[in-house]
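Here is a short report for a reader new to this structure. Look over the sequence and the model first, then read on.

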Amino acid sequence: MRLFGKAEKKNGWLAIGLTADGVQAAAIERRTDGPPRVLLAASYPGKADQAGASLARLGKELQASRYRCTTLLGAGGYQLLMVEAPNVPEAEMRTALGWRVKDMIDFPLEQATIDMAIVPQASGSNQARQAFAVAARNSVLMPHQQLFADHKIALSAIDIGEMAQRNISALLEPEGRGVALLAFDADGGLLTVSYQTELYLARRIDVTLNQLLDPDPERLQHLHDRITLELQRSLDHFERQFSFVTVAKMVVTPVGDGALRAYLTSNLYLPVEQLDLASVLDLTGAELLRDPAQQAGFLRTLGAALRELETA
């Protein structure tokens, strides 16, 4: 099974996200005459050990069999690495990448599933091609797949948060320039930079959404300083590595009363905006997503539902 990338399908994707608070589902229709339309966004609250019951209910109520289904691995279920792409034919690339990352992952290669995404270089560049390699333990993937199979939901793909967030970021890009997207959830922060719909940077930040909702001003100031420093370092490194990409702005998912966005606006050289999915998605079929906090909570599930369909 492909971990990320593209796959052929006549119908749209139903993305199903397992969270600490329950199960999320989202389906999106891509259109040629307007922005992508959210067909549904639903939440099934419940504890992690009750995910099976939620999946069974979801499968029946949303008629999951009508869709090609995908889900998301948790942040701890895989490793994402940027490495130099081996100089081998495309058909051999995944195997060659596996050997390249085998000493960089913390489990044996024979116990891993490897997938990849090539990072485009500037036209005429003589620099070595870079690639994102994702490695997931089979001992994580197999029970994940089995959970869905047990409840009669056939998975066609398994996504990762970085690629799902890239799909949202791609909608936000001004023509000819890249965009940085910063999001926080229970697993922590994730910074991505996309350009021409491709992922160029992904950085995890060890600060959770709950921490950013702390009412203590001193602790909050410390967190804002940590985040700002990490962003500055990441963006400086990105500019050195991909000097042909101009990042137009940073978009931040809604966090509390907006104090983080205000702080970043004062301390970063980039314009900083708050994410409003209504500017890039048709939300008329998903009133739940009118709430900014729900937009933030559904971000990666929506991103997974934006998964492209492969053409011949």
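The model is predicted.

**Pocket and cavity**

Start with the empty space. Rolling a probe the size of a water molecule over the atoms shows where such space is left.

The largest pocket holds about 1000 Å³ of space. Its lining counts 38 residues, and T19, Q24, D185, A186 and G297 are the closest to the pocket centre. Which element gives the most to this lining? The answer is α8, with nine residues. Helix α8 spans residues 292-305. Other elements that each supply at least two lining residues are β1 (13-19), β2 (22-29), β9 and α5.

A search of the whole structure turns up one cavity of 30 Å³ or more. The largest cavity contains about 40 Å³. Around it sit V252, T253, P254, V255, G258, L260, R261 and Q274.

**Helix α6**

Helix α6 runs over residues 217-241, which is 25 residues. From its first C-alpha to its last it reaches 36 Å. That is close to the 36 Å expected at 1.5 Å a residue.

What caps its N-terminal end? D216 does: a side-chain oxygen of D216 lies 3.2 Å from the backbone nitrogen of E218.

The buried residues of α6 are L220, L223, H224, I227, T228, L231, S234, L235 and F238. They pack against strands β9 (178-185), β10 (188-195), β11 (198-205) and β12 (247-252). They also pack against helices α5 (209-212) and α7 (259-267). Two of these partners, β9 and α5, return in the pocket: each supplies at least two residues of the lining of the largest pocket.

**Serine S54**

S54 lies in helix α1, which covers residues 51-61. Is S54 buried or exposed? Its relative accessibility is 10%, so S54 counts as buried; the cut-off for buried is under 20%. Which residues does S54 touch, leaving aside its neighbours within four places in sequence? S54 is in contact with V23, Y44 and P45.

**In brief**

The largest pocket has about 1000 Å³ of space, and α8 gives the most to its lining. The largest cavity has about 40 Å³. Helix α6 is capped by D216 at its N-terminal end, and S54 is buried in the predicted model.

Terms used
Residues numbered from 1 in each chain as written. Predicted model: local features only at pLDDT ≥ 70, side-chain atom pairs only at ≥ 80, totals over all residues. Heavy atoms only, no water. Helix = DSSP H or I, 4+ residues; strand = E, 2+ residues; numbered from the N terminus. Expected span 1.5 Å × (residues − 1). Buried < 20%, exposed > 50% of the residue type's maximum accessible area, 1.4 Å probe, protein only. Contact = heavy atoms within 4.5 Å. Polar contact = N/O pair within 3.5 Å; in protein donor to acceptor, adjacent residues only side chain to side chain. 1 Å grid on protein atoms, 1.4 Å probe; cavity = no way out; pocket = protein on both sides within 12 Å on 5 of 7 lines; lining within 4 Å. Points joined across faces, edges and corners; volume = space filled by probe spheres on them.
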